[in-house]
Amino acid sequence: MRFFLLGAAMALLAAGCGQKGPLYLRDSPPPGVKAAKPKPFEPVPYPARDGEAEGK
């Protein structure tokens, strides 16, 4: 019985952890809510090898 109560308490804590208001998917937000677009991907250039930076 003790394990059941502990499990139920942990499940309730995990269910409400960090939730701020109603949750929704980004693809179908509720009316009046516009989700911010993520920053576009920018590839990182490879570092120059020895000799390439000098043009050799």
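Tutor: Helices here are DSSP runs of at least four residues, numbered from the N terminus. The model is predicted.

Student: Where does Met1 lie relative to helix H1?

Tutor: Met1 sits in the segment before H1, which covers 2–15. The protein has 1 helix and 0 strands.

Student: Why is Met1 called exposed?

Tutor: Exposed means over 50% relative accessible area. Met1 has 74% relative accessibility, so it counts as exposed.

Student: What makes Met1, Phe4 and Leu5 a patch?

Tutor: Patch members need over 30% relative accessible area and no salt bridge, and nonpolar side chains are joined within 5 Å. Met1, Phe4 and Leu5 form such a nonpolar patch on the surface, with about 410 Å² of accessible area together.

Student: How do you know that the span of H1 agrees with its length?

Tutor: At 1.5 Å a residue, its 14 residues should span 20 Å. The end C-alpha atoms are 20 Å apart, so the two agree.

Student: Why is H1 said to lie largely in the open?

Tutor: Buried means under 20% relative accessible area. Of the 14 residues of H1, 0 are buried, so the helix lies largely in the open. Across the 56 residues of the protein, the buried share is 0%.

Key:
Residues are numbered from 1 along each chain as its sequence is written. This is a predicted model: local features need pLDDT of at least 70, side-chain atom pairs count only at pLDDT 80 or more; totals for chains, interfaces and linings use all residues. Side-chain values use heavy atoms; hydrogens and water are left out. Patches are made of residues with over 30% relative accessible area and no salt bridge: like charges are joined within 9 Å, nonpolar side chains (Val, Leu, Ile, Met, Phe, Trp, Tyr) within 5 Å. Accessible areas come from the Shrake-Rupley method with a 1.4 Å probe; for residues, only the protein chains shown count as cover. A salt bridge is a side-chain nitrogen of Lys or Arg within 4 Å of a carboxyl oxygen of Asp or Glu. Helices (H or I, at least four residues) and strands (E, at least two) are DSSP runs, numbered from the N terminus. Buried means under 20% relative accessible area, exposed over 50%, partly exposed in between (1.4 Å probe, protein chains only). The expected span of a helix is 1.5 Å times one less than its number of residues.
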